[in-house]
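Subject: Structure for your review

Dear colleague,

Please find below the sequence and structure that I am handing over to you. My findings follow directly after them.

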Amino acid sequence: LPKIQQFSDQDIQVVKKESLYDGFFKMVKYHFKHRLYRGGWSDVIEREVFERGHAVAVLPYDPILKEFVMIEQVRIGALATSSSPWLLEVVAGIIDEGEEPEDVCRREAQEEAGIELHNLHRALSYLASPGGTTERLEVFVAKVDASQAKGVHGLDYESEDILVHRVAEEQALEWINDGKIENSATLIALQWFALNKQRVLDDWSSK
């Protein structure tokens with residue numbers, strides 16, 4: 001394959017970092033410069049960056065019933081542009097310091113959907129919005145018994161009010177085209193599954 005990326009992390013210099021806000025999330029101002037394609041270095045650039053840690057997203061799938069387990073909850077960030085800020089999502093959660101992504105998947109599946117995951121299969125890793133945040137998401141698919149998925153879940157101290165849905169595989173994929181799925185982690189997880197379903201099933205059957 002041809003070399004596409006000419007530069008690496010050795011070709012950028014962080015001159016200074018300023019803490020702008022330090023609460024549940026953090027806001028940091030980066031002062032940095034980088035090598036230029038035409039040679040030399042850029043001037044010092046300033047950018048505010050949202051530091052919210054890293055996260056997992058997991059798509060629970062029942063290969064017998066051919067159903068996904070999805071969740072629905074309110075997201076204030078969707079209010080400005082969506083007809084409803086209640087979004088259909090995959091299970092997801094922030095990785096705390098010292099935690100393994102697989103352990104976060106299992107914990108969040110219990111907290112958000114009341115389900116137990118089996119045969120976690122790592123799908124991919126992606127940057128949520130690297131122009132403004134450092135957040136990286138680790139995406140997994142897991143085997144689940146969808147017949148056990150029901151009810152309302154979530155942690156009171158995190159003000160969570162989460163409704164569980166069992167969604168037929170074909171229906172979920174149609175919702176992508178219909179625009180019913182609007183958040184990136186869910187779109188990416190479903191699309192990856194559609195491309196790699198047989199690979200996942202083969203992996204599960206081998207175990």
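I begin with strand S5, which pairs with strand S11 (residues 162-168) in the antiparallel sense through six bridges; strands count as paired if DSSP finds at least two bridges between them. Helices (H or I, at least four residues) and strands (E, at least two) are DSSP runs numbered from the N terminus. Opposite Phe68 in this pairing stands Val167 of S11.

Before going further, please note that this is a predicted model, in which local features need pLDDT of at least 70 and side-chain atom pairs count only at pLDDT 80 or more, while totals for chains, interfaces and linings use all residues. Residues are numbered from 1 along each chain as its sequence is written, and side-chain values use heavy atoms, with hydrogens and water left out.

Four bridges connect S5 antiparallel to S6, with Glu89 in S6 as the bridge partner of Ile71. Two bridges connect S4 to S5, again antiparallel, and here Tyr61 has Phe68 as its bridge partner. The hairpin of S4 and S5 has four residues between the strands, and Lys66 takes a positive phi near 55° in it. Six of the eight residues of S5 are buried, so S5 is largely enclosed by the rest of the structure. Buried here means under 20% relative accessible area, with exposed over 50% and partly exposed in between (1.4 Å probe, protein chains only).

As to the overall fold, the chain contains three helices and 11 strands, in the sequence pattern β-β-β-β-β-β-β-α-β-β-β-β-α-α. Buried residues account for 38% of its 207 residues. The C-alpha atoms fill a box of roughly 60 × 45 × 35 Å along the principal axes.

A separate element of the fold is an open antiparallel sheet of three strands, in the order S1-S2-S3. Strand S1 (12-22) and strand S3 (45-51) are its edge strands, each pairing on one side only. S1 is joined to strand S2 (residues 26-34) by nine bridges, and Asp22 has Lys26 in S2 as its bridge partner.

Val141 touches, among others, Leu59, Leu120, Trp192 and Trp204, not counting residues up to four places away in sequence; contact means heavy atoms within 4.5 Å.

Finally, the largest pocket has a volume of about 1300 Å³. On a 1 Å grid over the protein atoms alone, a pocket is an open set of points where a 1.4 Å probe fits, with protein on both sides within 12 Å along at least five of seven lines; lining residues have an atom within 4 Å of a point. Grid points are joined across faces, edges and corners, and the volume is the space filled by probe spheres set on the points. Among the 38 lining residues, Phe25, Arg52, Arg75, Ile94 and Glu135 are the closest to the pocket centre. The largest share of the lining, four residues, comes from H1.

Yours sincerely
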